[in-house]
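Hi,

Here is the structure I promised to pass on. Have a look at it first, and then read my notes below.

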Amino acid sequence: MIGITGTPGTGKSAVADELRSRGIAVLDLKTTVAPYVVGRDASRDADEVDVEAWADEFPYHEGYLEGSLAHFLSCDKIIVLRCRPDLLRDRLVPRGYTAEKIAENCEAEALDVILSETVDMFASEQVYEIDTTYKEVKSVTDLIVSFADGKIPSSFGTIDWSEYLTP
């Protein structure tokens, strides 16, 4: 079970589409959470998911999983996609997100929220972090497949977006 996680806009869906174009099955985790939605946070324009119950009941899945909650699952390996916050903002604006939601996601990226959650839950050899800011989707996908196949070692903790935090 190989998870691909990251803040919205870091390239998870694009990578999943590229994997699929190569004939590799990828499970979109958004399709699995509906039974675990416990409410709606209107201020964040987001569903509230009982992540603990979802993760506890999630069956083992052979192959790739894509979604911002992938790091809560018992994956064999986990890839965290990252993007520089100022460019992440540019990627999120066309999605029609509110200014508050864009700011929240950019701040979460600058603070390494998903990476921090991931390294708290996985052994270091299971984690691979990729800066997608200026990389082509195909090269990011090549890195993911190489890591999943054990051809390249784990790597994380070298990206620092803290300078993008607003005072």
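This is a predicted model: local features need pLDDT of at least 70, side-chain atom pairs count only at pLDDT 80 or more; totals for chains, interfaces and linings use all residues.

If you want to find its centre, go to Pro8, Arg44, Ala46, Ser68 and Leu69, which are the closest to it of the 35 lining residues. Helix 1 (12-21), strand 4 (46-49), helix 4 (99-110) and helix 5 (113-121) each give at least two residues to the lining.

Next, strand 6. Why can we call strand 6 largely enclosed by the rest of the structure? Buried here means under 20% relative accessible area, and 6 of the 6 residues of the strand (77-82) are buried, so the rest of the structure largely encloses it. Lys77, Ile79 and Leu81 point one way from the strand, while Ile78, Val80 and Arg82 point the other way, and all are buried. Strand 6 runs parallel to strand 1 (residues 2-6), with 5 bridges joining the two; here Ile2 has Lys77 as its bridge partner. Strand 7 (residues 127-131) is also joined to strand 6 by 5 bridges, again in parallel, and Leu81 has Ile130 as its bridge partner there.

Now the nonpolar cores. Which members of the largest one touch the most other members? They are Leu29, Trp54, Phe58, Leu65, Leu73 and Cys75, out of 17 residues in that core. Helix 2 (51-57), strand 6 and helix 5 each supply at least two of its residues. A second, separate core has 16 residues, including Ile2, Ile79, Leu81 and Tyr128.

Strand 3 (residues 37-41) and strand 4 pair in the antiparallel sense, over 4 bridges, and Gly39 stands opposite Glu48 of strand 4. Between the two strands of this hairpin are 4 residues, and Asp45 takes a positive phi near 55°. Another positive phi, of about 60°, turns up at Asp112, although Asp112 is not a glycine. You'll find Asp112 in the loop between helix 4 and helix 5.

Last one: is Asp90 buried or exposed? With a relative accessible area of 51%, Asp90 is exposed, since the cut-off for exposed is over 50%. Asp90 is found in helix 3 (residues 85-92). Between Asp90 and Thr118 there are 25 Å in space, C-alpha to C-alpha, and the two are 28 residues apart in sequence.

Cheers

Terms used
Residues are numbered from 1 along each chain as its sequence is written. Side-chain values use heavy atoms; hydrogens and water are left out. Buried means under 20% relative accessible area, exposed over 50%, partly exposed in between (1.4 Å probe, protein chains only). Two strands pair if DSSP finds at least two bridges between them. On a 1 Å grid over the protein atoms alone, a cavity is a set of points where a 1.4 Å probe fits but cannot get out, and a pocket is an open set with protein on both sides within 12 Å along at least five of seven lines; lining residues have an atom within 4 Å of a point. A nonpolar core is a set of buried Ala, Val, Leu, Ile, Met, Phe, Trp, Tyr and Cys residues joined through side-chain atoms within 4.5 Å.
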